[in-house]
Amino acid sequence: MSTRLFELMLWAAGKTVLLSAISIAIGLAIGLLVCAAKLSPKKLLSIPATVYVSLFRGVPLLVQLLLIYNLLPALGILVPSEVAAIAGLALCTAAYQAENLRGGFNSVPRGLIEAADMVGMSPWQQLRRIRAPIAFRLTLPALVNEMILILKASSLISVVGVIELTRMAQNLSASTFRPLLFYSVAGGIYLAICWLVAGGGSLAERLMRTGSSR
Amino acid sequence: MTRPAVRIRDVHKSFGSTEVLKGIELSVPKGSTTCLLGPSGSGKSTLLRCIAFLEETSSGIIEIDGDPLGFAEAGEGRRTRLSASDIRRVRAKIGMVFQQFNLWPHMTALGNVTEALVTVQGMKRSAANEIGNRQLARVGLSDRGHHYPSELSGGQQQRVAIARALALSPDILLFDEPTASLDPELTGEVLNVMRELAETGMTLVIVTHEIGFAASVGQKIAFLDHGKLLLDGPPAEIFGTPRHPRLEQFLETYLDRGAATLV
Amino acid sequence: MSLDFSIVWQQFPQILSAFWNTIWIWIVATILAILLGFVVAALRRYGPLWLNLLLRLYVEVIRGTPFLIQLFLLYFGGPFIGLSLEPIPAGLLGMTVYGSAYFSEIFRAGFAAIPPGHIEAAECVGLSRGQIVRRILVPEMTMLVLPQIVNMAIILMKETAILSIITVPELTLVVGAIGSQQYAFVEAMTMLALFYWALVELSGWLGGLAEKKLSKFRFAH
């Protein structure tokens, strides 16, 4: 493989990382809202949130992507395919992240909240100072896991015409007739990115566990 | 005669259909140490948690220094729920030390002690740290302020938890089995801090299985059994012969855990 | 946009056969993946070190790369090394390999979670090695791993949609094609999405039922 082609693959990998990162970030924001709605005692909030989570976790991502990609123009919304892809990935990961966050909030030990109660913190102060920071630490491994899942799942946005790592490998194998080479290189790059993210995740966890005092 | 620090009048508490407190009457004199004893499931921890308003009583009234906690009498045996701000005001007089320490894991020892001073009372960081360091010194941990809970032993964590409660200068300090989660060799350091606190004349209410400690430090012993207050009086009277048969049975169970020292 | 779902129903026989393909490919691939995953986990635990390392690489590579890339390698790259497969066998093989890596990790965690004391206790009361496997290891393992097995099987059900990209005639491919022909792609995909949703919810419910049936005991803490 010539350097030129390898550079193309790396550029595409960069795009995969970028699109995944944007989707994860937007998904985290939506996921927080969905999680808050699902934990709410108001049925008007919790039921739609429950349906959202069940729907977006119950439908294959590929089908979601195809639907969003075709639904937007049908509704008269014309956006670049990258935007449709990010929307699809973000809406899907939001459902998973909402569940992860809910798990995190529910696993904050009851006693830690009681201790906050005893020193007179208001519910909002408890959320801001105790529950949210602890829930975030508890959710971190799941968040890293979700990042890896989305990095891999982003290969599916190749079918809606976004040129990212998988699509680039597809194009280059078609034009050079060397699918083994290009799909292996693409696989290797995905693997390297996933290992990097996993490694960064466990480093962050270790730092947090000791409290980063040293 | 001065008002008692805590006055409990006909308090009942049920979880679902099981009644765990069946009409408790108890008063805790100011500046005294009261120890709540009783077998597992006797309701002593629930009673303490009701005094902290971590559990709501099903009926009856609890007064803290004359002020009703959570519920006020409304005549004819009924009661009304007080406003959240009233509850917060009365509760501010109470500090609590938990069996599981419940230190916030993402904050240092000093951070745990000063958190409420800054967040709740709006104190400046520097002033809060000064108080925090003083309280940590009081429990013998002035050199551990920047350690996280995970870096401290159980005994040290519990002493930080005591400092956290003391920092808000409560009138009454509640202890819920403070040494029950500790390795035996670590209970001493916590009990010593508690003994010193008792000597300063602070009002302490302690649920404990350390009968030797209760007998030597407590000025008042309350023995609960099956949700009822069976005995209530000074240790000499309670532990002196002849003993109540239920207490005798209870003491036998705990003989190997320090009660031997008092007999 | 006018949603006209009736068009889609006119193609019912075609959809039915696609549905059948989705279901059988899913079930067969899941069962094969569970078996292969168990073998991988067992070899990693009880086999020699070099085999453990080799299989670990296998698991890490499969889990670290997208399923789609694996399918492309197999389907488009395969012929270059003499492995020319039709879409369905390629999909079946790809999904089995893909699933086996995840299942093997579930079993590995299951092996590790069985308290060694339980085996020691069984040895002490005189159970033979075979009896220990049959009477202690397998029942405890089933309880430990069942929820994750069900979960992974449901994930695989959703992954069958990806097989459409290598032209396996399953639901997503067929319904998508009908939608395109009839200029009713959005309608077709909406129905498809709702259908998958129902299928996933149903499988989850059945899985929960199976767990309850099988959980005659719990791990005491």
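**From the record to the sheet**

Guide: For "transmembrane region", an unreviewed UniProt entry lists residues 12–37, 49–69, 75–96, 138–160 and 180–204 of chain A. Please keep in mind that the model is predicted.

Visitor: How much of residues 12–37 of chain A is helix, and how far apart are the end C-alpha atoms?

Guide: Residues 12–37 of chain A are 100% helix and 0% strand, with 37 Å between the end C-alpha atoms. The span 180–204 of chain A is likewise 100% helix and 0% strand, and its end C-alpha atoms lie 36 Å apart.

Visitor: Which pair of chains has the most contacts?

Guide: Of the two pairs of chains that touch, chains A and C have the most contacts, whereas chains B and C share no contact, their closest C-alpha atoms being 17 Å apart. The contact between chains A and B takes 19 residues from chain A and 23 residues from chain B. On the side of chain A that touches chain B, α5 (110–118) and α6 (123–153) of chain A are the elements that give two or more residues.

Visitor: How should I read a sheet, and what is the strand order in chain B?

Guide: Strands of a sheet pair through backbone hydrogen bonds, either parallel or antiparallel. In chain B, an open sheet of six strands with mixed pairing has the order β8-β9-β10-β3-β11-β12, with β8 (94–97) and β12 (228–233) of chain B as the edge strands. Strand β11 (residues 220–225) of chain B pairs with β12(B) in the antiparallel sense over five bridges, and B:Leu224 has B:Leu229 in β12(B) as its bridge partner.

Definitions and conventions
Residues numbered from 1 in each chain as written. Chains lettered and ligands numbered in written order. Predicted model: local features only at pLDDT ≥ 70, side-chain atom pairs only at ≥ 80, totals over all residues. Contact = placed C-beta atoms within 7 Å. Helix = DSSP H or I, 4+ residues; strand = E, 2+ residues; numbered from the N terminus. UniProt positions renumbered as here; feature names shortened; annotations may be inferred. Pairing = 2+ DSSP bridges.
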